Structure formats: structure tokens, C-alpha cells
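Here is a friendly walk through a structure that may be new to you. Have a look at it first, and then read on.

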There are 2 protein chains.
Amino acid sequence: MNDRKQHVIKMAKQLFIDKGYQATSIQDILEYSGISKGTFYNYFTSKNELLMAIIKSSISEREKSRDDLLVGQAPSDIETFIKQVEFQLKLNRNTGLLALFEEVMVTNDADLKHYMERNQLNNIRWIHSRFLELFGDKAQPYLYDCAIMFLGILRENIKFNQITNQTNVNISRVVRYSVKRIENIVKDVIESEDQLLSPLQLEKLIPNMNKGNESFHKQLHHLIFTIKNELNQGNNITKQMDLLDFIEEEFLDSKKPRQFLIQSALDSLKSDEQLEINGMFLKLERLLKDYFFEVESEAMKTP
Amino acid sequence: MNDRKQHVIKMAKQLFIDKGYQATSIQDILEYSGISKGTFYNYFTSKNELLMAIIKSSISEREKSRDDLLVGQAPSDIETFIKQVEFQLKLNRNTGLLALFEEVMVTNDADLKHYMERNQLNNIRWIHSRFLELFGDKAQPYLYDCAIMFLGILRENIKFNQITNQTNVNISRVVRYSVKRIENIVKDVIESEDQLLSPLQLEKLIPNMNKGNESFHKQLHHLIFTIKNELNQGNNITKQMDLLDFIEEEFLDSKKPRQFLIQSALDSLKSDEQLEINGMFLKLERLLKDYFFEVESEAMKTP
DNA sequence: TATTAACTTGTACACTCAGTACAATTTTTT
DNA sequence: AAAAAATTGTACTGAGTGTACAAGTTAATA
């Protein structure tokens, strides 16, 4: 990516953290990063897209460093887990990202919302996988519930600690306290065999990080097959058929599907309203978007 | 309050719930409720003020009905507590208020933020007082922590239940599950004597609902005394002194301090920058604002 | 080095929104 | 009936996002 673009991202991130997203105008960004409006809209199609870029890079940076803390450590050591959680929180707090994240969480923009939701699920997935290492298979049926509750306990404890001791929250203390509580809850739910969400339900939603994973191709094939069937009832369909075939083949043949081509094909398809009738096209677009999201965030993690 | 104004509030509430606060324009509100712009700004000084009115009435309505559920029931019966929590959640969910609340929670407006924070603390206070009735004095030193964690567990459980079974979350089941978990946590913290926030720290922040309460007058007196001392080092202070004296007397003498007079006095004081130097004036303004907030929400509860 | 291509700038513009001002009209009170 | 209060409608300011595009600058290339 362009050096200059990177610079704009950095400056804008600072502004968003300092003043908030809404409260930062594009004019502010232009002045602070010393570019012109024309250039800005060369780099980003909107203020929202810039925000997405910032959030994506921040998240993947955080995840990368968090995972690095695990190497050479016993995954079943609770101290390592505490360190990881603490580290992530401190990174967020010091950079003031937490507030920005919270602001973004309630955005009206559908894309952004979807992305943040996925990210939330990703967090849960990570906590869950670590819990599995910490608490063992016996606890497995309950660990999604526990991951969710851990997140809740932690968040709320931090929030109220911030409200009371405005400055200098002892993050470490809060994390340790919260971990102790969740240890007890794990015991509790194992004993009482009390389950709220079944792992299957959640796993359906949680993004699967395996590149080239079978289920993606299956889903894609199924979706395109269905769309084709729908199309058969219309006329003037050769172009659409060709585009759909192309998309499927591009994902089958190539290790690195060319996103710009796929996007262009999608855009062409989008101009045909017939596809929208059953929401088929929306599903397709989302599936592909998710795919590229995975690939991108994987790529960021392995420099 | 005016019938027509009430009608506008009702219509706007519907719009905010349906489309979100940001996404609803004043023009929308004017059209939907059939008034002119002039009238709108006769009723409310800003869109924000309208929002405050909506939120205030929604909250006090919710609190009122929630407290009504308790009469005639044993406060130590956990089933009553479950019913109360369930009831509040259903009220929020059915009316779609929850999303609106979340959007407002991260506003940039300082006033609104402060108000929402106070409301959060109020929630904690209520849960805490109910926990005290449920779990007894032995648990007392830990019940603020537990109230906070209960809120966290409940929120996160509901959120992820909504994400997974989009429609028809079984609120009752989630509440019961969460209550079971917190029961266990209470046992846990009593046993391990593990405290995160001391009740004293929190109680300093939590608004005290007793009208005519001693501590308010003490605080007011202390603050005004301090400001006067500060002022003594300046010149041209007679007017400010008089205003300060007036404020204190108005609260001492009258059962119903005249808010408009106090506000006007505050505004006059605000125009003198000297008071801002030590943040004294800000403190004073906040204290008085809180006072009127208490009075108002008490008044709403007792029809 | 000269030409071309890509990038960048600055500015004018279209559009949306919150909030103000105020004269004209309607409704309510006295 | 007159006065007061409430309401309307409209035009305006100012701030914001995003578009269009001609003119200028920088980098690549032949």
C-alpha cells in the first residue's frame, strides 16, 4: 500500500481516537494529514471506508501480537491467558481505541455493522479456543457460554472501574478478578450441566479461518447453482450465466482469486434486479466479502 | 405538559426506534407528527433535548412498573427478581428501545453522556439493593461487584442469543440462566473474600434519591463557600457574590427551588471566566443539574 | 531528455442536515 | 372584540459529505 495513504490512515486514526469518529470532519483529516480533498477521495471512497481500513489494521495488529505472546508458552497455563487478555486491553486503552470501537459498534452503516459483528464473534472464538486449552474437553459443551460471559464480566468490570477511579484503572487486577470468577462459573456449569447456547449454533456463525476450506466452496457452488436455476426462468440470461460461471471457476482454479474481477462481475450482476428477488444475490455478495475478509486478515498476520 | 408536545414526543420516539437517532432528521419528525419547524423549536431547543425527554420518560416509566412488580411480594424471593428483570428486558426489546439506548450511550454530547452514565449507575444501584435483599448482609461487601457482573453476563448473553437465533430470543431462559450463574458467583466471592470495587467508592458516585437530603445541602454549601473564597482574591465580585448567595438561599428556603432562576443565575456566573479556573463552576453546575434531575424523576414516578 | 502516464491539487458545486429569525396567520384567553 | 399566545411557513446561515474536473506536479519510460 501507498506510503502516503498509510500516512493518512495514521493521522486519521489519531484524530478519530482523540475526537471521535462523528466529531472528526473530513476537512480536519485533510488539514491534519496535509492532503487535498481530491486525493482523499482517490484513496477512499468515503469516510466510512477509511474507518474500516483503520479498524481492520488495528484489529489484525492486536490479534497478531496477542497470538505472538503464546509461542513458547504452555497453552494450558492460565497465567499466559491472563497476560494475553491484559495485553490486548492495554493496547486498546492506551491508544484510546476502545471508545472508538464502541462508537463504531452502533453505526448505521450496514457493512460496518456486519464487520464489527464478525469481529465480535471472532473474539468469542478466540476466548473459546483458549478456554478449551485451559479447561479441557470435559468443559467443552459449555465453553461458548463461558466465553460470552467472560467477555461480559470483563467489559462491565472495566467500565465501572473506569467510572469510579477515572484515572489509572488497574487492568491487571480486573483481569485476574474476572478470570477467577469465570473459573468458578466453568465448574458450576459443568456440575449443573447447564447450557444456554449450543456450540453448533454458534459455530455456524463463526467465521472459519481455514483458507481454501471445503465448506466455502460447497456454499459457493450451492449458491451459484441455485441462482442459475432461478435465472433459467427468465430470458436474456447468457451474460449472467457466464458471469456466474466465471466467478465459480475463478475460485476453483486460482489460489489467489482476483478480487477486482470478482467485484466487477458482482457489480454487473447487481444491475440485474431479478437476482434480488429472493435475496440470492445479497447472500452471494456477503459470502464473497467474507471470503476476502478472511484472506486479507490472514495475509496481515503473516508478514 | 402540553398535549401536542406529548404527541410529538411519542411520534419522535417511534421514529428513533424504527430508524435510529442519527438517521432520523428533524424534517422526518415534523412530517410524521404534523407540526412546523417553528413549533418544534418552541418545544425543544434541539434534537438532543427531545431525545433526552424521550429517554427520561421511558426510563422512569420502566422503573415505575418494575418497582410496582415488587409490591405484595417477598423481596427475598428470587422469582420476583427474575420477573422484574424479565419484565424490564421485554419492555425494552418489544419497543426496540434497547438499540436506541445503545446508540445514545456513545454520543458525543457531554450532557447526554453524563445522563446515561448516571442512569447506568442507577441500574447498578437497583440490582445491588435487590441483591442485598436476596443474598443478605453477609454478602454485602461484594454485592456491587456482583451487580456489575450480573449486568455484564445478562447483556452479553442476550446479545449473542440475538445474534444466533435472530428472532424470538427466549428472554426468560436467558435471565434464569444468568441468575443461576450470579448466585454461584456470590457464593464464590463470599468464600474467597475477593472484592474488586469497595462499596464506598461506588456509593460516592451513585445518585442519592432522598429528596431534601442532607448531603446535597452540605455539598452545595461547601462548594459555594469555596467559590466565594476563590473570588475574594479578585475584584468586581459583588454581583457574583450576590448570585451565589441567592442560589444557596433558594435551595435552603424553598421546597421547590425555581429552576429557571437558578439557571439564569448560573448563566450569569458562567459569563465570568474566573470561576472556570479551578473547575469550580463546572462542579456547581453539575451538582445542581443532578439535583433537578432527581426531583424531576421522582415527580414522574408519583403521578 | 522529452513525452507520457499517473498522481495530486484546488476549487466550485450539489445536496443534506441542524438550527435561527421573523413576519404572517390562527387559536385561545380575557 | 381586543389582546395574547401559539403556530405556521419560509428563507437563511453554516457545517458537513461527497462529486467533477481542469490545471498542475511528479514519476516512469522510451
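## Where chain A meets chain B

Across the interface of chain A and chain B, ten residue pairs are in polar contact, both partners having pLDDT 80 or more. A polar contact here is a pair of N or O atoms within 3.5 Å; within protein, one must be able to donate a hydrogen and the other to accept it, and residues adjacent in sequence count only if both atoms are side-chain atoms. On the side of chain A that touches chain B, at least two residues each come from α6 (97–105), α7 (110–135), α8 (143–164), α9 and α10 (199–205). Helices such as these are DSSP runs (H or I, at least four residues), and strands are too (E, at least two), all numbered from the N terminus. The largest share of that side is from α8(A), with 14 residues. Sorted by type, the residues there are 18 nonpolar, twelve polar and 13 charged. In this sorting, Ala, Val, Leu, Ile, Met, Phe, Trp, Tyr, Cys and Pro are nonpolar, Asp, Glu, Lys and Arg are charged, and the others, Gly among them, are polar.

How much area is buried between chain A and chain B? About 4000 Å², with carbon and sulfur atoms giving 61% of it. Buried area is the accessible area (1.4 Å probe) that two parts lose on being put together, summed over both. Phe160(A), Tyr177(A) and Leu196(A) supply 19% of what chain A buries against chain B, more than any other three residues. Counting contacts instead (heavy atoms within 4.5 Å), 43 residues of chain A touch 43 residues of chain B.

## A word on the model

This is a predicted model: local features need pLDDT of at least 70, side-chain atom pairs count only at pLDDT 80 or more, and totals for chains, interfaces and linings use all residues. Residues are numbered from 1 along each chain as its sequence is written, chains are lettered from A and ligands numbered from 1 in the order in which they are written, and side-chain values use heavy atoms, leaving out hydrogens and water.

## Salt bridges

Over all chains, the count comes to 20 salt bridges. Each is a side-chain nitrogen of Lys or Arg within 4 Å of a carboxyl oxygen of Asp or Glu. One of them pairs Glu156(B) with Arg155(A), with the closest N and O atoms 2.7 Å apart. That pair crosses between chains, running from helix α8 (residues 143–164) of chain B to helix α8 of chain A.

Between chain A and chain B there are eight salt bridges. Another pair to look for is Asp188(A) with Arg181(B), whose side chains meet at 2.8 Å, N to O.

## Helix α9 of chain A

Helix α9 of chain A covers residues 171–192, which is 22 residues. From first C-alpha to last, α9 reaches 31 Å, close to the expected 32 Å; the expected span is 1.5 Å times one less than the number of residues. Just after α9(A) comes Glu193(A), with a positive phi of about 50°.

## Around DNA strand C

What surrounds DNA strand C? There are 14 residues around it, and the closest are Arg4(A), Thr39(A), Ile26(B), Lys37(B) and Lys47(B). A residue is near a strand if one of its heavy atoms lies within 4 Å of it. Of the DNA strand C atoms within 4 Å of the protein, 67% belong to sugar or phosphate and the rest to bases.

Phosphate oxygens of DNA strand C lie 3.2 Å from a polar side-chain atom of Tyr43(A) and 2.8 Å from a backbone N or O atom of Ile26(B). Two or more residues of the surface near DNA strand C come from α3 of chain A, and likewise from α3 of chain B. With four residues, α3(A) gives the most.

## Around DNA strand D

DNA strand D has 14 residues around it, with Ile26(A), Lys37(A), Lys47(A), Arg4(B) and Thr39(B) coming nearest. The largest share of this surface, four residues, is from α3(B). By type, the surface near DNA strand D has four nonpolar, seven polar and three charged residues.

A polar side-chain atom of Arg4(B) sits 2.6 Å from a phosphate oxygen of DNA strand D. For Thr39(B), a side-chain N or O atom is 2.7 Å from a phosphate oxygen of DNA strand D.
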